[in-house]
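Trainee: Could you walk me through this one with some questions and answers? I'd like to start with what sits around one of the ligands.

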Amino acid sequence: QTEIQWWHAMTGANNDVVNKLAADFNASQSEYKVTAAYKGSYPDTLNAAIAAFRAGNAPHIVQVFEVGTATMMSAKGAIKPVGQMMQEAGEKFDPKAYLPAITGYYSTAKGEMLSFPFNSSSMVMWVNKDALKKANVAEIPKTWPDVFEAGKKLKAAGYDKCGFTVAWSPWALIEQFSAWHNLPLGTKANGLDGFDTELKFNSPAHVKLLTDLVALQKDKTYDYSGRGNENEGRFTSGECPIMLTSSGFYGNVKANAKFEFAAAPMPYYPDVKGAPQNSIIGGASLWVMGGKTAPEYKGIAKFFTFLSDTDRQAKLHVESGYLPITLAAYEKVKASGFYNQFPDRETPLKELTNKEPTENSRGLRFGNMVQMRDMWSEEIEAALAGKKSPQQALDDAVSRGNATLRQFERTANR
Amino acid sequence: MEKRSVYTNKLLPYLLLAPQLVITLVFFYWPASQAVWMSFRIEDAFGISTEFVGFENYVTLFGQRSYYESMWTTLVFSLAVTILAMSFSLLLAVMADKQIRGGSVYRTLLIWPYAVAPAIAGVLWLFMFQPSLGMIGRGLIAAGVPWNPMLNGDHALLLVILAAAWKQISYNFLFFLAGLQSIPKSLIEAAAIDGAKPARRFWTIIFPMLSPTTFFLLVVNIVYVFFDTFGIIDAITHGGPAKATETLVFKVYSDGRLGGDLGGSAAQSVVLMVIVIALTAIQFRYVERKVTY
Amino acid sequence: MVERRTWFSTFLPHFILIMGVLIVAFPVYVAFVGSSWDAGTIANGTMPLYPGKFLVENYSRALLAGNATAREPVGPMLLNSFIMAIIIAVGKIAISIISAYAVVYFRFPLRQSAFWLIFITLMLPVEVRIYPTYKIVADLGMLDTYAGLAVPLIASATATLLFRQFFMTIPDELVEASKIDGAGPMKFFVDTVLPLSITTIAALFVIQFIYGWNQYLWPLLITTRENMQTIVIGIKKMLVTQDALTEWQLAMATAVLAMLPPVLVVLLMQKLFVRGLVETEK
Amino acid sequence: MAVVTLKDVRKVYAGGVEAVKGVSIDIPDGGFCVLVGPSGCGKSTLLRMVAGLETISSGEVAIGDRVVNDIEPAERDIAMVFQNYALYPHMSVYDNIAYGLRNRKTPKDEIDRRVQEAARILAIEPFLQRKPRALSGGQRQRVAMGRAIVRKPQVFLFDEPLSNLDAKLRVQMRVEIKKLQRALGVTSIYVTHDQVEAMTLSDKLVVMSGGQVEQVGTPTEVYRRPETRFVATFIGSPPMNILPGVVETDGRVSVGGQSLAAADMATDLKPGLAVDVGIRPEEAEIAAPGVAGCAFAIDFVEELGATELLHGTIGEGAFVLQVPTGSVPNGTKQVALTIAPNCVHVFDRETGKRLSRRPAEASKAA
Amino acid sequence: MAVVTLKDVRKVYAGGVEAVKGVSIDIPDGGFCVLVGPSGCGKSTLLRMVAGLETISSGEVAIGDRVVNDIEPAERDIAMVFQNYALYPHMSVYDNIAYGLRNRKTPKDEIDRRVQEAARILAIEPFLQRKPRALSGGQRQRVAMGRAIVRKPQVFLFDEPLSNLDAKLRVQMRVEIKKLQRALGVTSIYVTHDQVEAMTLSDKLVVMSGGQVEQVGTPTEVYRRPETRFVATFIGSPPMNILPGVVETDGRVSVGGQSLAAADMATDLKPGLAVDVGIRPEEAEIAAPGVAGCAFAIDFVEELGATELLHGTIGEGAFVLQVPTGSVPNGTKQVALTIAPNCVHVFDRETGKRLSRRPAEASKAA
Ligand SMILES: Nc1ncnc2c1ncn2[C@@H]1O[C@H](COP(=O)(O)OP(=O)(O)OP(=O)(O)O)[C@@H](O)[C@H]1O
Ligand SMILES: Nc1ncnc2c1ncn2[C@@H]1O[C@H](COP(=O)(O)OP(=O)(O)OP(=O)(O)O)[C@@H](O)[C@H]1O
Ligand SMILES: O=P(O)(O)OC[C@H](O)CO
Ligand SMILES: [Mg+2]
Ligand SMILES: [Mg+2]
């Protein structure tokens, strides 16, 4: 039996899903055995995989979140392009079967798909409907000013530690914000068209959002919730009645929230032209590491085929809140009438396809993005803590990011 | 000091030394030299392409504001933990030294935090000071203190300092107590006869006599803060917010973590090694000197 | 007696000491209380200062089932920690007692160099050379093995120095008497040095056990398989939750379980521990 | 300078050990009192009660006319020299000596004057700026003395101040201490277990044992007329020989079958009473040829240079005789000894008390 | 039992210290040789070269007819008793004594027999199962002796074996060692810096100083006829007084203005030559009233019991006189002293060598 190691970053309800998939696959055949191992947060998992590769014992499959894409793509010898692998293994693989937003994100300029889309998400606004009711907020807020208003009311209604909040701060406040408002995050179509890109997210609109949040942070109408999703519990526990975070949060909300909830589209500034545009995908894809044997690749390919099964994808989507990644699965769920029953489960899909994507909303691809996110987070934190003006913080975030990009360019181009 | 009488076998001593030397060479010197080698190169995350760049990593490092900030953080952190832990344990040790009865009971009640892993200490303090569910964190907010270690760097640093100092109390206490007990009673008696009141006895006799212990603890505490607090920081703040709790060691880890900057991280390691070797040398000289005291 | 005992001067030190003890104990008490309530009470921030009634449930879940995040029960992790700590303690003692013996009781070329080679590693912790060390362990195929967890941490100068210091206090005359009594170097080591070192060995054992048990960064890096994880890492992983609520009650139960063995070792072997500590460092 | 009076002083330590069991001594102004006795007999405890370093369980200690039981050491106007000198290792010699004056807020120039003077007296001027660890044992001893004299206290207390010195230095410092005390005229109490120090230094010698005073007197009194068997064997080197004896009539006692006159023996003792008879090794004499005496069988000889020790037995009892070298031809196996009547000391076998002719007067003299 | 011969033995330590500068001594079979001298004079070094614990830089050490320079200590058939006894603290007394035999693969019952015998001789049978720390100093000393005698070696080596004991025990063990050595007849070398031990124990006394032998002889020879000023002041207690003197004619020497006959002084010295004159404290006598003598000004008196020491000066030189207590009435300020001609020792002021009448014969006698 050939063992296939699969490193992932899924916890809670999603962890159950991963384990179940592995178990089901193992039960479905006897030649291969997929072993799933939780390796910590997304950055931790990526870190572990890189370290393991350098040490010569990389796993077969790694779940890498979307911002690690450029890093993985540029690691030519370290990865096995999924398309190529599937072909060599003789498994059917058609990039066109996937949602275009996803295919675009994980393919090279030439259209070669390098990783296997697994759990794609988008950002939505989770709201605690009971709380809104309590605070007499009749409608789910649509725009940022609405959100601020609702936050104030919620605070007055007893949610005094946190009117609203945001998980994955850089993802929400910079990346999704840029796409949703059709603002460039960086040049060269946010890096999709080449490494020699420059960051641009210190525009007046970006600064305005941060300025507003800084003001609201003072009395906790808005309250910072960290760089990743480690504080998502603040929503489920009822502490923060409004939280922007991944649609993949669904499984845990369902399991833990003791109130009525909904997933609404992200808010926008109505005075920004073109807003809302469309959102970009988040979540993660599965990367196959290089240097493995042919039988192993064959096993991986079989596993991927197993994963892309339409029924399975449809079920995954329904259970986890991640997107149905194939068009077929999407159609199937639609056809089942699921969205009529639970309209807000379609929210992330609607966001993604809200408008025809532009240069600014197709996706993004920056090297060393993981470190950049930390830098951006630091700057956001500095602004929220009152150490820097919002303008200064974003300017610094841009210039530090650019320096990092230049370094990446230097190592990646050789 | 050397032994007067020794053995003169030719091969045996090498055999006896071999295990330790081999392990030291393989797991210490070789990696250390690798770190030096790496610090002169830049590399992509996966180590697929590398380039020799001379001192560029060092130049970049010392050109980075964040590096100096990290140094500053480390310094503040070290001093705060050291002063806090040392003064608190000195107070306790002086009190315990007075208590002939019950002294050992107090010692028992005070030494066990030494056994708590730093990471766990971090978890314990986080649990108390977490603003939304921590007992003390909530208490502070209820009392009108805008307690927010998630965002406020000073709060985060304070929390990390408290946890780190807490863990270090036992250690300092034991050494101070041992130091106090090794001061000949006759010195205190002589001072009493010489007309020195208790406070004056403490500052003119006991405290100066403790100075070797104090100095030793100073070095040990600084080294402790440098390295052993990694677990505390990682558990409580991950170096944030906005790098407010990023010590030099944490920076080595976080810069090298994603392989983004292995060369720079290695350069930092080298700088750290130099610092530690210097500290060791100082301490060693001091230990040697202390013997005569 | 120098100090005249008044009611105040007798009472004050006790008062200060008791305050000190309380301050020192408080965090652990809170953790213990935390491990006896349910997730909801903790998450709502309404946990009181007395233990709740979920104690048994939480501990049995922690020990046997693991939490929602890692799904790793604490039992095997405790065992891993224990094995790692034991290997480190025994290994360190074994290699350093013989190397110290060589350095102290023999004269041979490069003796000083060998000593310095070892001595320089005194305070340099694994943290500063972490990546290259990791690579070597990987090259040697020791990832996810107990050897990989323990062996690189065995190279430490402290134990060697302590033994060296202890050997220096063994009177010269004992070697001389042994020589005259016809004992060679190995016989002297086994018959005399080893028995005399028993308490030093025991003291060192306590300290190194704790050192091994409390390792953090190293096992974090070199274990990839769940079944090789140590308890300290286990706790930290419980806190890094992606999409789930941190199960603080389990984290606290695990923390208490993780603290228990080393704390017990310290308390039960207090005398040896204090001796070992004070002598190791001085 | 002051009279020191101890009245029925007792000390019971916290553990219940009764270290001093009711001791009364008066030390005249300017007197030099030496407490001597075996280890653990309570000498240090007694001294430390005078210093105020131990509480007094019962009884009274007075310095001058002031009862000092409840007075702080600092207020008793005493100075003390410790066995290990207790010099402050982190202070220079100068600071060590000046410390007590500084604590008392003595003006700076006065301190300087007095330190310089003390240093001059003790010949430690060249070392004033050194730290104690850079001094030899003898020099440290002097500094400790300096610290005591600079304060011009009423009483000096010494706790085995010479026992950390080697033999030669000990002799030399002993002489210096005596001279210094004479010159300064300060009342002194000196603890030692070395009987040569005790003999040579004291005006008033107090022999202690088991927390009690065995005898108080001048050194000569104690040597010549030990009140107890304990004192007899403790003072004098080699120690007094103790032989079993039997009381005869007429103030005579029979030892090893030989009848000896004992000048000081009580006259009212029952003949036949078993007693202990003490004879100092240097006080027995080899009888002129033909003169009768105790038969002393010689085992072997130890030469000491000017004198030699003859080890042997009288009757059943071991006996050591000290004579000038060459008094006995090599290889002699037996000699007869004569002992002057006032050199024969008789002790109660049970109590060890001297069986004196005039007990009432004798005790008054002490 | 064997003759031990040292031929021009030198020791230069690694640091360059020349600790022993060419020493030649023969010790006869069964002889008891004591090495005495001040600290650092090389006594231990010499002994340890005999033991094989130090390499011999040059010269030759022979035990019996075997040159042992290159032989391991274990093979030299010696036993050694150390100052700190060097008992193995973790072994019982029995095992301590048996260890050397076990290492030599002696049969078990033979070992047991010999250990029991040694224990009997030393009266340590009751302690055989105890650990050394449960023994008193004297008992430990005996165990160390036991370890030495059980092996029945050719030579015993002792390095200050008594200096860790208190005064009383020291005297007692000294006597026992002497008896034991006599009984076993094993050639012994004994290092001490205590001159009483040196005098009482040795057949052959070797006085060392600065790595060299100052004098070799029987104790009496060394005491009576010290070859150098160093030996004169080192042996004897209180030490010999050394006074400046000037050679007169006719074998006389002038000291403090008084002319003294010096029986042993060389006759060919230039009159007027400045010399050092040595007179032992116990050998000067107080002149009968009216008899002329050296004027001795008395400073003060130290009483020792049987004797007293009068400290004072003769001319410019310090002088100590030891006399029986009471020889001089209290408060006497000056007495005249007479000194027998054979008690006047004359030394070269520069070299410190004795200025003897018959140098050739004298050195042959030593
Ligand atoms: N602090 C103490 N607590 C309890 N017992 C004590 C204390 N100090 C001394 N002792 C006991 O009191 C007795 C007398 O002790 P002390 O020190 O006065 O003797 P010493 O005559 O000075 O002896 P040494 O010549 O050995 O110094 C001893 O039995 C000793 O064990
Ligand atoms: N291992 C050594 N290395 C260098 N010098 C040494 C060594 N051992 C002794 N010496 C020096 O050799 C000289 C003689 O030392 P030794 O120990 O023989 O003297 P000693 O007469 O036994 O003195 P003591 O009476 O103090 O024991 C001293 O100057 C000493 O410092
Ligand atoms: O929570 P997920 O899995 O949707 O991922 C969130 C973002 O993509 C992180 O970059
Ligand atoms: Mg005492
Ligand atoms: Mg010696």
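Trainee: How many nonpolar, polar and charged residues are in the shell around ligand 2?

Mentor: This is a predicted model, where local features need pLDDT of at least 70, side-chain atom pairs count only at pLDDT 80 or more, and totals for chains, interfaces and linings use all residues. Residues are numbered from 1 along each chain as written, chains are lettered from A and ligands numbered from 1 in written order, and side-chain values use heavy atoms, without hydrogens and water. Ala, Val, Leu, Ile, Met, Phe, Trp, Tyr, Cys and Pro count as nonpolar, Asp, Glu, Lys and Arg as charged, and the others, Gly among them, as polar. The shell around ligand 2 then splits into 4 nonpolar, 6 polar and 2 charged residues.

Trainee: Which helix gives the largest share of that shell around ligand 2?

Mentor: A residue is near a molecule if one of its heavy atoms lies within 4 Å of it. Around ligand 2 the list includes Lys43(E), Ser44(E) and Thr45(E). Helices here are DSSP runs (H or I, at least four residues), numbered from the N terminus. The largest share, 3 residues, comes from helix H1 (residues 43-51) of chain E.

Trainee: How much of ligand 2 does the protein bury?

Mentor: Look at the polar contacts, pairs of N or O atoms within 3.5 Å. Oxygen atoms of ligand 2 are 2.4 Å from a polar side-chain atom of Ser39(E), 2.5 Å from one of Ser44(E), and 2.4 Å from an N or O atom in the side chain of Thr45(E). Accessible areas come from the Shrake-Rupley method with a 1.4 Å probe; of the 630 Å² that ligand 2 exposes alone, the protein buries 63%.

Trainee: And ligand 1: how much of its accessible area does the protein cover?

Mentor: Ligand 1 has Tyr13(D), Glu160(D) and His193(D) among its surrounding residues. An oxygen atom of ligand 1 is 2.7 Å from a polar backbone atom of Gly40(D), and one is 2.9 Å from an N or O atom in the side chain of Lys43(D). Out of the 630 Å² that ligand 1 has on its own, the protein covers 60%.

Trainee: Which pair of chains shares the most contacts?

Mentor: Contact means heavy atoms within 4.5 Å. Chains A and D don't touch, with nearest C-alpha atoms 48 Å apart, and neither do chains A and E, at 50 Å. There are 8 pairs of chains in contact, and the one sharing the most is chains B and C.

Trainee: How many helices and strands does chain B have?

Mentor: Picture a box of roughly 75 × 75 × 30 Å along the principal axes, filled by the C-alpha atoms of chain B. Strands are DSSP runs too (E, at least two residues). Chain B comes to 12 helices and 2 strands.

Trainee: How far apart in sequence are the parts tied together by Arg227(A) and Asp374(A)?

Mentor: These two side chains meet in a salt bridge at 3.4 Å, N to O. Arg227(A) sits in the loop between helix H10 (204-217) and helix H11 (233-236) of chain A, while Asp374(A) is in helix H18 (residues 369-384), so the pair ties together parts whose separation in sequence is 147 residues.

Conventions: Polar contact = N/O pair within 3.5 Å; in protein donor to acceptor, adjacent residues only side chain to side chain. Salt bridge = Lys/Arg side-chain N within 4 Å of Asp/Glu carboxyl O.
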